[in-house]
Structures are given as structure tokens and as C-alpha cells.
Amino acid sequence: VKLDRGQSIIVQVTKEPVGKKGVRVTSKVSLPGRFLVLLPFDGRIGVSKKLYNFREKKRLRRIVRSMLPEGFGVIIRTVADGKEEELLKNDLAQLIKTWREIEKSLKTEQPPILLYKDLSTVSSVIRDLFNNEVQRVVVDSRKLFKEITTYVKWFSPNLVDKIEFYRGKQLVFDVFGVAKDMEESLGRR
């Protein structure tokens, strides 16, 4: 694709700047959700390589194909394995809504502009790892506690009760032995 000087394009930052190196960007924009990754400019449906069951891959592709708008693509994430259609539908609807808001900004704002900022690291970890198998999440920061509960209320309200604000005097990593485990894992043996 040939670009002209002064032409506006949409890019996504794929790597933050390190030292004297600037950011790494791509024009292959993607929006990650809990079960799906939306590909606004790519009409294909991909499935995570970590999903091995052929029947399940076929089922997930069929579900996504039936609700995917024209011109959009999707990557089905590993965590979609065995999930009901309604959860996938809600995830896709939220991703499409986010993309429509980005498109609105394109029409009203002047470049260069930040069109979208992905979740914080904490929220993305919660999005990817927090499920029914997790017994509880203990947080010692009010700000993080609020951020996590707000996010979980949106995608999985039934899990909100598993989030606990820690009020103790001792450091939370010490109380739960995380500091000790980290020390051991980083040790020479």
C-alpha cells in the first residue's frame, strides 16, 4: 500500500517505547475481548491454535459467523472453548460497540489523536484469567479494587463477590506468601 505525505491512517501501538527506540505500530488493528479478538479490517475467522477439538472449533466458527457483521473478522480465543453462545454474542456486541465509538471519533476529531486505549494491565489479566475456578482475588489498593470490580460487574457480575479488599497492616504479598514464592522462583535453584 502506497502512502502519501500528510495522509491520515489508523495504527495500533504493538510495543511501547524502550530506551531510544520509539513505539512499534501496525495498521492491522485488533480489539481484544474476553473470548474474541475483533479484526475491523479483516474478514477472516481464526481460531486459537491451542484449541485442539475439531468439533468445538467448528461450533465456535459457526456461532461467530452467524453474528459477525460484514467486513469484520475475529480470532476466537482459547478461553472460548465450551462457552455458551450468549457469552460470545455479548463479547462480540461489546467489541463492535467499541469499534463504532472509534469510528465516530474518526469523523469528529483531528489527527493525530488517540482513538482507543486498551485496558490496564490489571484489567487485562482479570479479563484473561479470572473465572469460576479462581477462589478469590485480594487487592490492597482501593483504586485497583474499584477498577477490577467495575470491570467484573460488566463482564461477569456473578464473580464480583470473589473480589476482596485487603485492609490488613502487613503487606498483602507477605500475608499470602507471594513474596517468598517469588524469591524462591527467582533463586539459583
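**Pockets, cores and a buried threonine**

Modeller: The largest pocket holds about 870 Å³ of space. The model is a predicted one, in which local features need pLDDT of at least 70 and side-chain atom pairs count only at pLDDT 80 or more, while totals for chains, interfaces and linings use all residues. Residues are numbered from 1 along each chain as its sequence is written, and side-chain values use heavy atoms, with hydrogens and water left out.

Colleague: What makes a space a pocket, and what makes a residue part of its lining?

Modeller: On a 1 Å grid over the protein atoms alone, a pocket is an open set of points with protein on both sides within 12 Å along at least five of seven lines, whereas a cavity is a set where a 1.4 Å probe fits but cannot get out; lining residues have an atom within 4 Å of a point. In the largest pocket 27 residues meet that lining criterion, and V11, Q12, V13, L114 and Y116 are the closest to its centre. Strand β1 gives the most to this lining, with 4 residues.

Colleague: How do the residues of that lining divide?

Modeller: They comprise 17 nonpolar, 5 polar and 5 charged residues. Ala, Val, Leu, Ile, Met, Phe, Trp, Tyr, Cys and Pro count as nonpolar, Asp, Glu, Lys and Arg as charged, and the others, Gly among them, as polar.

Colleague: Why is T98 called buried?

Modeller: Buried means under 20% relative accessible area, exposed over 50%, and partly exposed in between (1.4 Å probe, protein chains only). T98 has a relative accessibility of 15%, and therefore counts as buried. T98 lies in helix α2, residues 85–108; helices (H or I, at least four residues) and strands (E, at least two) are DSSP runs, numbered from the N terminus.

Colleague: Which residues are in contact with T98, leaving aside its neighbours within four places in sequence?

Modeller: With those neighbours left aside, T98 is in contact with L31 and Y116, where contact means heavy atoms within 4.5 Å.

Colleague: What makes a set of residues a nonpolar core?

Modeller: Such a core is a set of buried Ala, Val, Leu, Ile, Met, Phe, Trp, Tyr and Cys residues joined through side-chain atoms within 4.5 Å. The largest one has 23 residues, and L36, L38, V74, I76 and L92 have the most contacts inside it. Helix α2 supplies the largest share of this core, 6 residues. A second, separate core of 11 residues includes Y151, V152, L159 and V160.

How values were computed: Points joined across faces, edges and corners; volume = space filled by probe spheres on them.
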